Amino acid sequence: MFKYIVKRIFYMIFVFFVMSLLLFFLYNLIPGDRAMQEVLPLKERLRPEQFQELYEQTRKEMGLDDPLAMRYKRWITNVLKGDLGESDRQKKPVIDIIKPPMRNTIFINIFAIVLALGITIPLGIKTAVKKDTTFDRVVQVVTIIGYSIPVFITALVFIYIFAVLLRWFPVSGMKTANFVGTKWEAFLDTLWHLALPLAILTLTSLAGVTRYVRAAMVDSLSMDYIKTARAKGLSEKTVIYSHAWRNALLPVITLIIGWIMSIFSGAFIIESMFSLNGMGRLYMDSLNYKDFNVVLAIQMFYIIISLVGNLIVDLSYGLVDPRVRVDG
Amino acid sequence: MRKKISFFLLLALLLTSVLAGCGGTADTPAEDPEEVVEDDTTEEPADVPDEEVADDEEEDEDAPFVSEYVGQENTLIFGDTTGASGDWEQFWTNNAMDAAVLELTHKQATMEWDFEGAPHVNETAVENLEITENEDGSATYTWTIKDGLVWSDGSPITAEDYVSGILLKSAPQMVKFKSKLQSGYYLKGFEDFYKGNTRVFEGVRLIDDKTFALTVDAQHRPNFYEQVNASSAPFKLSYWLGEENSIKDDGEGCYFDGEFAEMINYGAAEEPEEGEEGEEGEEDLTADLTPEQQAIFDKYNEMIQKARFGVEDWPSSGPYTIKSFDEQTKEVVLVINEKYPGNFEGVKPSIGTVVIQEVQVETAMDQLKTGQITLLTSQMSGDEVNAGLDMVDEGGFDYVTYPRAGYGLIDFKCDVGPTRFVEVRQAIAKLLDRDDFVQKFTGGFGSIVHGPYGEGQWFYQETKDELLEQIDPYSYEPAEAVALLEQAGYTLNEAGEEYQSGDGLRYRDTDGELEPLIIKWSSSGNEVSKLLTVLLAENPDVVEAGIKIEEDQMDFTELLNYYYREASDEKYASNDYNMFNLATNFNKTYDRTDDYTTDPEKVALGFNGNYILDEELDFLANDIVKTDPNDPDAFKEKFVKFIVKWNELLPQIPLYSNEIHDFFSDDIVEYQNSSMADYSMVILYARMAD
């Protein structure tokens, strides 16, 4: 096991470097002049010679005239030292820029994941147990509709009905303007603001997991040991939850781990529609602005998360299912 | 098996809990400065309306929670699609909402602007202004400020504060901190001070606690905006550099006194010789510092980086002070600065709290409708404006409208291809139905301008009739367009014979070669481009006239590289695009100097983006601001001459100028705005209904 983990870590380091090289070169091949983009808004305020001087100074500061390989070496060396660089747009260390949206994204995703798992697992079990009944068919249709409708349309419909017409929830944002109250009230205020985006996130994620759980449970319920359990006279509840569900959990558990790892990923459309300062919006805004230090930092972070997530999933197989041996 | 599953679930739960702990929710104890801001919102600050504080103090934690948007007493909630970043002073960045916060906290300048964009001496802050003409052609503006001016923290505003900003923003030290801000360009000695050649800034004098003088260099005179160029606003140096640094003047000009000055070897700056800059790598602007100077750099870098994101301690000389900034939601809360003496008309703010919130274009109007925000400015698209007007019709809301000081345009390169001929540019203008374009693009909320000006600018308003009589409106006239193309020499067909209707593309004989009438158009594929494709590039009359317009779509920054013929890449430097669609906005100072320069060096630097080399146009453009500040009639006369010549040469085709709409709750009264007014003016004059 230990040998396997060490081997995988070496593999992860190799993949990390390859990906960093690819991404760095790809982003820097995108046409456009970051220095011009930065100083252009100042053009109207400056005299021609001032502007030109500033432009040249900015090019030098950004090292744009250097060969790409030299720029990569400089960037990766700094990254390995823990310095992710500075944002072109905000002129702040990248790490400081990522912190607030990362907090928001994690905060939102925790609720989204808990809600989604809290609904989908019981629903998946129930539909499997009641397979081919009206209830099962209705759930299948409803979840697939929620999955199929583009999320921005769902968001607009929800906003119109629940925020504009009924006024139950705010249209967007994360807190009431100039909110004054206790911390608990502030927390409730944030949840109130997040109700609609969370509802949409949950709705759009119902189909996948529900169907996955249902399929695992259907397989499990058709096994011989279920028939044996029933033949022994065990209660239906015991059969379903102690025998069928525990065995169905094996494939589902990897999915759950994937979800937990996705706690760091932002949902660009939802964040944009509801004016939430999250990772999805930061990533897209940074891409649009060609703020590549921020983009690369986010990308590299997600690569690390994916690699670690895959390792945990592989290890969890061995932990959960004694038939699987994780070995070097 | 059971144990393993239990262990795994426990692990997952633990992981979730740990991550939840990282979430920084409101009930997590503050650990870093960003969370301190949140904590502050839960305290009972003195400047929160008394009733709200009392309610919060008495509120039973078990009582049902009700969050209220509406009814926050004397509070204006301003929504904008740009979220503030907290970097107010803009030494390094350029964010519209940060600028708005700066405008609200940075006032008491010696000159201030009115809603029409006209400058006025701020008699609320200025006791006396004396203007002296010097023998060398320069002019010295000696300002005496009034007694009793104070910062929001109660400390006095002195003459030193009025010179501090100019010195710091033009200091060579700030270049080492990678600052993009400059000040004092028009003042005598700027160049030497900025480059670090001299320790003193000759054109900036500190005479006593109440008096300072600014000398405009002779080379920048006359200038219609001279008084503005020689004005200043207070800047609290001690906030940025600590108490140990100050500004002194020994009779030769102002200089930094203190450790900060020791960071630079004044007079040691040398221009690098050609080829000397060959060393590769990011330029280290601090490479020339000694270890002692590097230590000073590090110390002040830390201080400045901390100061730039100030919130409660941010020194305000304006009508508001910053109460809080929430980095998570980008919300800024400002409260009245009771010590603000008023603007140039003596107007003081009456709205107690101003909240700036980030909104999204798609849902901003709904937020206004539901009371989540109370003011939404700068609405320009037809859909948004119509939605806003419907809301006003339903009641509870109001709006104001004003013309944009800027316009969308087709920009020609006048030195390459067919667009080097004025007749071709004029022909294209006559083949585009601009009335139709404006109607379609702005949804009826826009107008056509005929030159580089905004409809709301005072000099246009006062010369409108005279100007419109002298210019060609370039109405839709396909027949006249064909005649113009023939004047430009495009009289041949593909075979080199005389062009007949239906021959397709036109050609001209250029040095024995057949030159086709193909206009290469660099476009970013935006909404304007799409409409131009329909109304111009694919217009049957354009095809019939023998013109082919070829559109290349690209990223906007890529487009700008082509536009400025960026020298770092040959494909940009020698590109042959003839046409771009862009937009422009005007500053308060209408200065067209060098916009149409014929100086080859300046042209090579990218000024005169149209590459139109016309001596008369260059002279007229430069001449506008070279006007006695007390002679607005001369300014207007020069403006008209410039526009008439511009209209004849047509380096651009102005396409549309929007009619801007601001929508707001009818709780806000006496609201006014213009494209020349900054946010502080708008909020200063607005009132909340009783």
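Two strands are taken to pair if DSSP finds at least two bridges between them, and strands themselves are DSSP runs (E, at least two residues), numbered from the N terminus, as are helices (H or I, at least four residues). With these terms, chain B shows an open sheet of four strands in the order β4-β5-β7-β6, with antiparallel pairing. The edge strands of this sheet are β4 (126-133) and β6 (204-206) of chain B, each of which pairs on one side only. From one strand to the next, the twist averages 15 degrees; axes here are lines fitted to C-alpha atoms, for helices over the stretch in contact, and angles run from 0 to 180 degrees between N-to-C directions.

This is a predicted model, in which local features need pLDDT of at least 70 and side-chain atom pairs count only at pLDDT 80 or more, while totals for chains, interfaces and linings use all residues. Residues are numbered from 1 along each chain as its sequence is written, chains are lettered from A and ligands numbered from 1 in the order in which they are written, and side-chain values use heavy atoms, with hydrogens and water left out.

Seven bridges join β4(B) to β5(B) in an antiparallel arrangement, and V126(B) stands opposite I145(B) in β5(B). The two strands form a hairpin with five residues between them, and G137(B) in the turn has a positive phi of about 95 degrees. On to the next neighbour: β5(B) and β7(B) pair in the antiparallel sense over six bridges, with T142(B) opposite A213(B) in β7(B). Strand β7 (residues 211-216) of chain B is in turn joined to β6(B) by three bridges, again antiparallel, and V204(B) has L214(B) in β7(B) as its bridge partner. Helix α5 (residues 159-169) of chain B packs on the sheet, touching β5 (139-145), β6 and β7 of chain B, and its direction makes about 155 degrees with that of β6(B). Contact here means heavy atoms within 4.5 Å.

How well covered is β5(B)? Seven of its seven residues are buried, where buried means under 20% relative accessible area, exposed over 50% and partly exposed in between (1.4 Å probe, protein chains only). Both faces are covered, with A139(B), Y141(B), W143(B) and I145(B) buried on one side and T140(B), T142(B) and T144(B) buried on the other.

Six bridges join β10(B) to strand β11 (residues 331-336) of chain B, and the two run antiparallel. T321(B) has V335(B) in β11(B) as its bridge partner. Four residues lie between the two strands of this hairpin, and K330(B) in the turn has a positive phi of about 65 degrees.

The structure holds 59 aromatic pairs over all chains. Rings of Phe, Tyr and Trp (its six-membered ring) pair if their centres lie within 6.5 Å; planes under 30 degrees apart count as stacked, over 60 as edge-to-face and the rest as tilted. F235(B) and W240(B) form a stacked pair, because their ring centres are 6.0 Å apart and their planes at 10 degrees. F235(B) counts as buried at 2% relative accessibility, and W240(B) counts as buried at 3%. Y562(B) and Y577(B), by contrast, have ring centres 5.1 Å apart and planes at 80 degrees, so this pair is edge-to-face. Y562(B) lies in helix α20 (residues 556-563) of chain B and Y577(B) in the loop between α21 (570-573) and β21 (579-585) of chain B, so the pair ties together parts that are 15 residues apart in sequence. Both tyrosines, Y562(B) and Y577(B), are buried.

Ring pairs also link a cluster whose members include F224(B), Y407(B), W458(B), Y590(B) and F639(B). The charged end of R592(B) sits over the ring of Y590(B), 4.7 Å from its centre. A charge sits over a ring if NZ of Lys or CZ of Arg is within 6 Å of the ring centre and within 35 degrees of the ring normal. Likewise, the charged end of R506(B) sits over the ring of Y499(B), 4.0 Å from its centre.

Turning to chain A, T202(A) is found in helix α8 (residues 183-221) and is buried, with a relative accessible area of 6%. Not counting residues up to four places away in sequence, T202(A) touches A112(A), L115(A), A116(A) and I119(A).
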